[in-house]
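These are my notebook entries on a structure that I looked through piece by piece. I wrote each entry down as I went.

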Amino acid sequence: MSYLDNKIPVIRELRHPETSLAHGDGHFRGLGGRGCAAVSSRADRSFTQGSICPLLPALGIMCSLPDTVVLLHGAVGCGTCASGNNANIRAGNAQRGTPGRDALWLSTALDELNVINGGNEKLAEAIAEADRAYKPKVILAVSGCLPGVIGDDIDSVAAQTQERVGARILPVHCEGFKSRFMATAYDVVYHALGRGLMPDPAEAPAKAPLTVNVMNVGSMGLADEKELSRLLGRLGLKTNFLPVFTDPESFKKAAAAALSISVCPTHDDYFLTHLKEKYGVPYIIRHMPVGVKNTGSWVVDVGRAMGLEDEAKKVVSEEEKELKSALGEFSPVLKGKTAFLSAGEYRSLATASLLKELGLRIVGIRSFHFDEFAEVEIKKLAKGKQDFVYNVANVQPFEEANILAGLKPDVFLGHWHGNSTAARLGIPAQVMYNSGHGYMGYAGAYDLARRLARRVGHPEFYRRLGRHGRLPYKASWYQSDPFSRIRRGGATK
Amino acid sequence: MSGLPYIERPRWSCALGGALAAAGNIPGVVPLLHAGPGCAGNFAWTNNGAAGLNVTGDCLALSVPSTNLQEAEIVFGGIGRLREEIGEAREIMEGGLFFILTGCLPEVIGDDVRGLVDDLSRTGGTGGTAGLVLAQTPGFKGDSFFGYNEVLKTLFEKVVVKTRTKNPALVNVWGVPPTLDPFWRGNLRGLKNALALLGLEANVFFGPGAGLDSVKKAGSAALNVVVSALYGTGAAERFQERHGTGFVRTNLPVGAGGTDRFLKIVGRALGIPARKISRVLDEAGRADYDNLEPLIDVYNDMEAQRHALIVGDLNYAPALSDFFSNDLGWVPELAVVTNDLEPGSQKAVLDHWRGTGGRVPERVLFEHRAGVIEEEALKIFGGTEAKYQNRPGPVFVAGSSLERSLAARLGASHLSLAYPVANRAVLTRGYTGYEGGLTLTEDVLDACIAGR
């Protein structure tokens with residue numbers, strides 16, 4: 001049975017019980033042979049800093065959908081992060097030929113009375129009014145924490161309201177307290193879109209034998225899509241990108257594709273298993289096309305699945321040769337520089353592989369979580385001779401500050417809003433993804449190398465910050481073990 | 001309130017967001033959230049697109065300690081987790097005061113946070129010398145402005161030191177909520193500079209140069225000045241009950257006209273002789289003229305006079321509208337106040353606007369929905385096919401970033417001034433006081449002549 005047959009999405013804690021949120025030691029290579037067994041899934045922290053719940057990245061995806069109203073069901077602050085997402089949405093729309101278009105998000109702004117009496121009625125009214133006022137194709141009724149605690153039933157409200165409105169209403173479960181893993185964002189969005197926008201198998205469009213579904217992510221922009229399209233285009237294949245910036249009508253095209261491939265293996269199993277089971281579309285979840293070898297493996301995987309393995313290998317070899325000579329000019333600046341990375345599980349590991357290829361030396365990696373999908377990538381990185389720090393942490397800059405103050409790397413690469421600790425320590429920081437730039441494929445490798453060389457070669461801004469930089473920790477904290485607040489066995493209270 | 005079942009693209013965040021922005025911008029204070037796992041990240045991402053690129057702070061964004069409540073705590077209660085978090089924070093975080101702020105979850109499940117904080121304050125429970133205070137700020141209780149007021153109330157009750165000795169030259173000033181006013185740092189500086197003209201020291205609590213010590217000494221001020229119709233007025237009443245200090249509510253003074261009125265209100269409340277106030281205003285006016293004078297030729301010949309559409313919160317809409325009409329002689333055709341207010345509060349805003357000497361335009365709308373504002377604006381500025389028509393134009397849109405599509409549709413110049421401000425980088429810039437008016441003149445003209 002597909003996960004999508006359930007009314008409510010199945011959380012990561014149940015689907016992948018090995019997933020961990022807290023781990024830290026100085027021996028990354030020790031993970032190589034043992035994988036998940038080396039990292040405790042029960043571990044947590046006795047001290048935590050604010051984090052990112054699944055709602056935040058989920059909104060990033062949902063707000064990108066054209067002709068869609070995102071209706072946040074919660075208190076008025078829940079989901080105001082859409083103001084931040086909107087900068088990406090506007091940029092993405094401009095790249096795609098519709099400049100100046102803002103995302104459209106609403107909040108039911110639950111108040112004290114709604115908490116006491118329940119918010120179902122208000123949600124139903126909001127859906128009807130939003131349908132009337134904006135006439136969208138889709139209304140996403142998104143539950144924040146509050147409805148999940150007071151017992152609102154967004155699924156029933158959506159079902160009952162559907163007959164009264166023109167838009168398709170899709171309930172989305174984003175109660176932040178239900179899953180510790182940010183990556184759950186992708187599951188809940190896929191759950192809603194998969195259940196609401198995919199056709200009955202009997203009515204699926206005719207097969208498109210040369211089309212490959214490429215699962216994009218909120219953290220990649222059009223530059224990356226164009227590069228992946230270009231590479232698969234060299235094999236004579238067409239690409240169908242989803243779900244980010246995908247018109248609601250276009251989701252059904254995914255059922256007709258010959259293959260699906262993930263670009264971020266931790267994100268997509270939820271939806272791709274569904275596409276396979278229900279529509280017979282096979283899938284690949286193995287590599288992220290960030291890094292030279294990783295990109296080659298990604299392209300060859302597609303080639304093999306499509307009966308084009310030799311052609312794919314030829315493309316890869318040509319591309320690599322061309323890239324290698326182009327990268328030469330950055331080598332004097334980058335070679336031997338030490339780097340520290342911190343971001344989503346797969347992004348940080350794959351980017352570390354790229355940095356090694358560029359001649360940098362990895363001194364530490366932090367992943368927002370750790371699960372079975374990372375084992376492939378861990379093995380690649382553990383092959384080297386040098387060992388380094390590995391920390392599993394959903395941001396938690398207090399651990400990061402402690403580690404960085406000791407390691408003082410030449411450059412830091414971090415998640416969106418995850419770079420200020422390094423910057424305040426005077427370490428040149430480079431954001432590990434930004435939808436306005438390229439990171440993926442060969443073009444992305446070149447572009448990141450170019451920008452990295454610029455950053456490392458001109459670190460003055462960060463040096464200036466570092467001269468007077470302040471972090472909110474006691475001097476004694478830097479003398480403590482950075483991982484002293486991790487409890488391997490979890491809470492005992 | 002609008003009576004709508006939703007708020008479109010909220011131009012504020014929740015009580016917790018406003019409280020965090022307030023507590024976290026008092027140097028020396030460590031905010032600590034007892035809340036869901038995404039609340040802190042949510043506010044950081046919000047500010048990314050709304051607060052003039054201002055996100056970090058010593059202990060803001062993702063550095064803020066937070067209990068990150070999970071399902072287990074929802075079922076079994078979160079007090080144990082909070083006690084542990086406070087103890088650990090006291091060992092790891094550097095600060096003079098730990099400010100506990102609650103979000104929706106603990107307030108719905110009934111955690112006795114007040115009991116815990118009282119207990120720890122009394123017994124010194126988890127160690128350390130730093131103080132511990134609490135404001136209960138779940139999102140369902142109110143918006144960011146409510147949260148800002150709650151933080152001030154708590155500070156006035158628990159942190160301000162009681163004293164009978166009053167310093168006649170010290171005034172406390174608030175009503176500019178950090179972050180929710182993206183220009184808050186510059187605006188607080190502008191207020192300080194303006195009050196210094198009367199020989200007064202303004203104690204502003206928030207931002208660089210202020211901090212925990214300035215909060216502690218607030219009890220010795222001669223007067224409290226709230227530069228808002230509604231923000232922080234509840235806290236002013238609490239201050240008066242607790243410390244006996246009176247307060248005046250003023251306009252948010254932007255530019256020469258507004259600042260003249262502001263200084264008169266404050267000076268009068270402090271019993272400063274009218275002749276002295278008049279001399280101060282006269283000198284300030286001359287300096288203002290000296291700065292403005294070089295612009296006369298081009299300003300005049302380029303026909304810079306505009307019809308203005310103003311969209312902002314209850315601080316900005318009146319202040320900008322007054323500035324355009326009094327200082328530039330522009331024509332405010334429509335002022336839109338974007339707060340979601342009950343009819344009584346709407347009236348209070350208008351009464352305050354008039355009562356502080358402002359000029360309320362004929363058309364004022366209380367509305368936050370960009371689409372509805374656009375429809376109203378098109379009625380005024382849209383025009384007809386008639387050959388001769390007195391159609392107001394050229395148009396200048398002074399609003400938030402959400403009015404960009406409206407401005408494009410009207411072919412108008414646009415400047416983001418009120419939250420959310422996505423497309424400007426704000427560091428020291430502020431619009432209050434005489435200098436602020438000159439800065440605003442520069443900025444609106446920059447927007448008009450970008451293609452020159």
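**Entry 1: what the two chains share.** Before looking up the interface, I noted that buried area is the accessible area, taken with a 1.4 Å probe, that two parts lose on being put together, summed over both. I also kept in mind that I am reading a predicted model. With that in hand, I looked up the area buried between chain A and chain B, which is about 5,500 Å², and carbon and sulfur atoms give 59% of that area. I then asked how many residues each chain brings to the contact. Chain A brings 70 residues and chain B brings 58 residues.

**Entry 2: polar links across the interface.** I looked up the charged pairs next and found 5 salt bridges between chain A and chain B. For one salt bridge I wrote down the partners, A:Arg487 and B:Glu84, whose side chains meet at 2.4 Å, N to O. I also noted 34 residue pairs in polar contact between chain A and chain B, where both residues of a pair are at pLDDT 80 or more. Sorted by class, the side of chain A that touches chain B has 34 nonpolar, 20 polar and 16 charged residues.

Entry 3: I picked A:Leu72, which has its place in strand S3 (residues 68-73) of chain A. Is A:Leu72 buried or exposed? Its relative accessibility is 3%, so I recorded A:Leu72 as buried, since buried means under 20% relative accessible area. Beyond its neighbours within four places in sequence, A:Leu72 is in contact with several residues, including A:Leu55, A:Leu59, A:Leu106, A:Ser107 and A:Val142.

**Entry 4: a covered strand in chain B.** I turned to strand S2 (residues 29-34) of chain B, where 6 of its 6 residues are buried. Both faces of S2(B) are covered, with B:Val29, B:Pro31 and B:Leu33 buried on one side and B:Val30, B:Leu32 and B:His34 buried on the other. I also saw that 6 bridges join S2(B) to strand S3 (residues 97-102) of chain B in a parallel run, and that B:Pro31 stands opposite B:Phe99 there.

**Entry 5: an enclosed helix in chain A.** Helix H11 (residues 269-279) of chain A has 8 of its 11 residues buried, so I noted that the helix is largely enclosed by the rest of the structure. The buried residues of H11(A) include A:Tyr270, A:Phe271, A:Leu272 and A:His274. I looked up what covers these buried residues, and found helix H9 (184-197), strand S7 (208-215) and strand S8 (238-242) of chain A among the covering elements. Just after H11(A), A:Gly280 takes a positive phi of about 70°.

**Entry 6: a serine in a loop.** Last, I looked up A:Ser20, which lies in the loop between H1 and strand S1 (23-25) of chain A. A:Ser20 is buried, with a relative accessible area of 0%. A polar atom of its side chain lies 3.3 Å from the backbone nitrogen of A:Ala22. Leaving aside neighbours within four places in sequence, A:Ser20 is in contact with residues including A:Val39, A:Phe181, A:His369 and A:Val392.

Technical notes
Residues are numbered from 1 along each chain as its sequence is written. Chains are lettered from A and ligands numbered from 1 in the order in which they are written. Side-chain values use heavy atoms; hydrogens and water are left out. Helices (H or I, at least four residues) and strands (E, at least two) are DSSP runs, numbered from the N terminus. Buried means under 20% relative accessible area, exposed over 50%, partly exposed in between (1.4 Å probe, protein chains only). Contact means heavy atoms within 4.5 Å. A salt bridge is a side-chain nitrogen of Lys or Arg within 4 Å of a carboxyl oxygen of Asp or Glu. A polar contact is a pair of N or O atoms within 3.5 Å; within protein, one must be able to donate a hydrogen and the other to accept it, and residues adjacent in sequence count only if both atoms are side-chain atoms. Ala, Val, Leu, Ile, Met, Phe, Trp, Tyr, Cys and Pro count as nonpolar, Asp, Glu, Lys and Arg as charged, and the others, Gly among them, as polar. Two strands pair if DSSP finds at least two bridges between them.
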